Structure formats: C-alpha cells, structure tokens
Amino acid sequence: MQDFGSTIKAPIFAISRLRMGTDGKGITTLVAFMGCPLNCKYCLNPQCHEPVYETDGTTLLKNIMMLTPQNLYELVKVDNPYFQTTGGGICFGGGEPTMYADFIVEFRKICGHRWKITLETCLHCSDNVIKQLSEVVDHWIVDIKTMDPPAYEQYTGKTSGVLQQLSLLQMNIPQEKVTIKVPQIPGFTDGRDLDLDIKDIERRFNFTDIIKVRYRTNNR
Ligand code: SF4
C-alpha cells in the first residue's frame, strides 16, 4: 500500500471495531474525532470536548491518539476482510468529523474505494467542506437536532442553520446517500410532533430516508 507521507494529523479518542447495525450497512469500525462546534446538552461523547493535550501543551491526554491517515489505516486494516465481505467500512464520528475533511479525503486515497466511508455528523460546517467530502463519503448520517430554532439554540448553544445546511446537502449529495435523524430531545422538544417535522423536511427537500430517534439524557 502506498504511503502518502501525510503531514495531516487528527486527534482521535476511540476506534471501535466490529460494529453492526449502528453505522450503516455491513460491519464497520467507528473512528471518533476530538472536537465539535456544538455543545449539546446530552452529548453522547462528552470526552470529545476535553482538551487534547496536558497543560504542558505537548503531552497527549490519556486515550487520545494523534494519527495521520496512514497511521489510522494501519490500525484498522485488520478488518479489511469483514469490510469487503459485508459492504462495510469506516464510520467517522466523534466529535464532529467534518472538522477533519482533509484527513478523511487523504484516508480515502489510502484505503481506496473498497471500503465504505460513512459520516455521522451534525453538519455544522461550510459549503466547501460538504463539497470536499462529497467526493469521498459514501453515506451521510445527519443528526439535525431539531427543526425548532429556539430549542436548537438552547440545546446546542449555537444558532440553528438546519434549513441552510440541508439545502447545501441536497445541492451536493444524491439523496440516496443521506440518512436524516430527527431526535426527540427530553426537556427540549417534549410535545413536539416529529412526524410533522419529517413531513416538513420531505416537503422542502428530496430526502426520503428520515428516521426518528430518542435521546437518552446523561449527567453532563
Ligand atoms: S453534535 Fe454530537 S459530538 Fe457534537 S456536541 Fe452534539 S452530540 Fe456531542
């Protein structure tokens, strides 16, 4: 396998192998990046918000790996037979994987097109990043949080750009490559009719794979 000698590195806090049924088709390995532009109240991976380094600024905190795409490939290639026989591959999550578009593009060059690459994303990113990733990502799993802008802001700490983000996605990605998650968020969207939100998304956009989920609360 060609070594691209990348200088691109990314902080990764988890690599979870042999997953089925949670990250799209086939057997997948979840790769979780540090960092996220949102600050969700019930973040499933609050570790992604922690610092990457000790206070000395150079020592990585426990369990965090600073990897190049080639380093990552060497770690995950053990599951190549599973990926190829089941149509699976790598699911990039976190944290927010769109913060690491250059890394993912380079990883695709290394792993080739035999593996499926899935993103689990809040899609809080620029048009350019979506375009860049459209070339290399096979499936997008997009958690929109909520269609209610005030609730979105209360829950994530950021102003909602959901409609604009979905519009960008529609312009750049074929609809069969997109799954949209519409969550029920305890304490934030109680009483909201998610079926109406789904109909609203279907009316505005061409997405057809839209699923309801329910968040669990945590102690964050
Ligand atoms: S978008 Fe995901 S990773 Fe980011 S804060 Fe929300 S739940 Fe956590």
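Visitor: Is Lys212 buried, partly exposed or exposed, and what is the relative accessible area behind that?
Guide: Bear in mind that this is a predicted model. Buried would need a value under 20%, and exposed one over 50%. Lys212 has a relative accessible area of 46%, so Lys212 is partly exposed.

Visitor: Which parts of the chain does the salt bridge between Lys212 and Asp195 tie together?
Guide: The two side chains meet with N to O at 3.0 Å. Asp195 is partly exposed, at 35% relative accessible area. Lys212 and Asp195 are 17 residues apart in sequence, so their pairing ties strand E8 to helix H7 (residues 194-204).

Visitor: And which residues do salt bridges with shared partners join into one network?
Guide: A search of the whole structure turns up eleven salt bridges. Some of them share partners, and the network they make joins Asp200, Arg203 and Arg204.

Visitor: About how many helical turns separate Lys131 and Asp127?
Guide: These side chains form a salt bridge, 3.6 Å from N to O. Lys131 is partly exposed at 40% relative accessibility, and Asp127 is partly exposed too, at 27%. Both sit in helix H4 (residues 127-134), four residues apart, so the separation is about one helical turn.

Visitor: How far apart in sequence are the parts that Glu120 and Lys181 tie together?
Guide: The closest N and O atoms of this salt bridge are 4.0 Å apart. Glu120 is partly exposed at 23% relative accessibility, and Lys181 is partly exposed at 22%. Glu120 belongs to strand E5 and Lys181 to strand E7, so the pair links parts separated in sequence by 61 residues.

Visitor: Which residues lie nearest the centre of the largest pocket?
Guide: That pocket holds about 800 Å³ of space. Its lining counts 33 residues, split by class into 14 nonpolar, ten polar and nine charged. Nearest the centre you'll find Leu44, Glu120, Asp143, Lys145 and Lys181.

Visitor: Which element gives the most to that pocket's lining?
Guide: Strands E5 (116-121), E6 (139-143), E7 (178-184) and E8 (210-214) each give two or more residues to the lining of the largest pocket. The top contribution is three residues, and it comes from E8.

Visitor: Where does the ligand sit, and which residues are around it?
Guide: The ligand takes up the space of the largest pocket. Its shell divides into six nonpolar, two polar and one charged residue. By name, the residues around the ligand are Cys36, Leu38, Cys40, Cys43, Cys48, His49, Gly95, Cys122 and Lys145.

Key
Residues are numbered from 1 along each chain as its sequence is written. This is a predicted model: local features need pLDDT of at least 70, side-chain atom pairs count only at pLDDT 80 or more; totals for chains, interfaces and linings use all residues. Side-chain values use heavy atoms; hydrogens and water are left out. A residue is near a molecule or strand if one of its heavy atoms lies within 4 Å of it. On a 1 Å grid over the protein atoms alone, a cavity is a set of points where a 1.4 Å probe fits but cannot get out, and a pocket is an open set with protein on both sides within 12 Å along at least five of seven lines; lining residues have an atom within 4 Å of a point. A molecule sits in a cavity or pocket if more than half of its atoms lie within 2 Å of its grid points. Ala, Val, Leu, Ile, Met, Phe, Trp, Tyr, Cys and Pro count as nonpolar, Asp, Glu, Lys and Arg as charged, and the others, Gly among them, as polar. Grid points are joined across faces, edges and corners, and a volume is the space filled by probe spheres set on the points. Buried means under 20% relative accessible area, exposed over 50%, partly exposed in between (1.4 Å probe, protein chains only).
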